[in-house]
Amino acid sequence: MPNFCAAPNCTRKSTQSDLAFFRFPRDPARCQKWVENCRRADLEDKTPDQLNKHYRLCAKHFETSMICRTIHFAETSEN
């Protein structure tokens, strides 16, 4: 299932582009900032968990310096 960008007037979806798509953060303060910057009144009543699960923003709406391209994998310890 493709991800659609939640930014107003953005029609990008993940199947049409090699752009990264980012979930809304679960942290309430950070999530609120994303909603404010997104300027979509219909997202204001959603919880951070709802936004994280169902909404994405494409990389076009972030400054390049704000995107970390490093993938961190959790280390597992064997006993």
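Helices (H or I, at least four residues) and strands (E, at least two) are DSSP runs, numbered from the N terminus. The residues of α1 that are buried are Cys31, Trp34, Val35 and Cys38, and because they fall within an arc of 100° when seen down the helix axis, they line one face of α1. That arc is taken from the directions that run from the helix axis to the C-beta atoms. On the other side of α1, Ala29, Lys33 and Asn37 are exposed. In these descriptions buried means under 20% relative accessible area, exposed means over 50%, and partly exposed lies in between (1.4 Å probe, protein chains only).

An α-helix has 3.6 residues a turn, so residues three or four places apart point the same way.

## The model and the chain as a whole

The model is predicted, so local features need pLDDT of at least 70 and side-chain atom pairs count only at pLDDT 80 or more, while totals for chains, interfaces and linings use all residues. Residues are numbered from 1 along each chain as its sequence is written, and side-chain values use heavy atoms, with hydrogens and water left out.

The protein chain has two helices and two strands, which run β-α-α-β from the N terminus on. Of its 79 residues, 24% count as buried, and its accessible surface comes to about 6500 Å², of which 47% belongs to carbon and sulfur atoms; such areas come from the Shrake-Rupley method with a 1.4 Å probe. Among contacts between residues at least 6 apart in sequence, 54% join residues at least 24 apart.

## Salt bridges

Two salt bridges are found in a search of the whole structure, a salt bridge being a side-chain nitrogen of Lys or Arg within 4 Å of a carboxyl oxygen of Asp or Glu. One of them joins Asp49 to Arg26, with the closest N and O atoms 3.2 Å apart. Because Asp49 lies in helix α2 (residues 48-54) and Arg26 in the loop between β1 (21-23) and α1 (28-38), this pair ties together parts that are 23 residues apart in sequence. Asp49 is partly exposed at 49% relative accessible area, whereas Arg26, at 54%, counts as exposed.

In the salt bridge between Arg40 and Asp42, the N to O distance is 2.6 Å. Both side chains belong to partly exposed residues, with relative accessibility of 22% for Arg40 and 40% for Asp42.

## A buried arginine

Which side chain of opposite charge is nearest to Arg56? It is Asp49, 11 Å away, and Arg56 is buried yet has no salt bridge; Lys and Arg count as positive and Asp and Glu as negative, while His and the chain ends are not counted. Arg56 belongs to strand β2 (residues 56-58), and its side chain reaches the backbone oxygen of Asn52 at 3.4 Å. The backbone oxygen of Lys53 also lies 3.4 Å from a polar atom of that side chain. Leaving aside residues up to four places away in sequence, Arg56 touches several others, including Phe4, Cys5, Phe22 and Phe24.

## Positive phi angles

Most residues other than glycine have a negative phi. Arg39, which follows α1, has a positive phi of about 55° although it is not a glycine, and at 72% relative accessibility it counts as exposed. Asn9, in the segment before β1, likewise is not a glycine and has a positive phi of about 65°; Asn9 is exposed, with a relative accessible area of 82%.

Note on methods:
Polar contact = N/O pair within 3.5 Å; in protein donor to acceptor, adjacent residues only side chain to side chain. Contact = heavy atoms within 4.5 Å.
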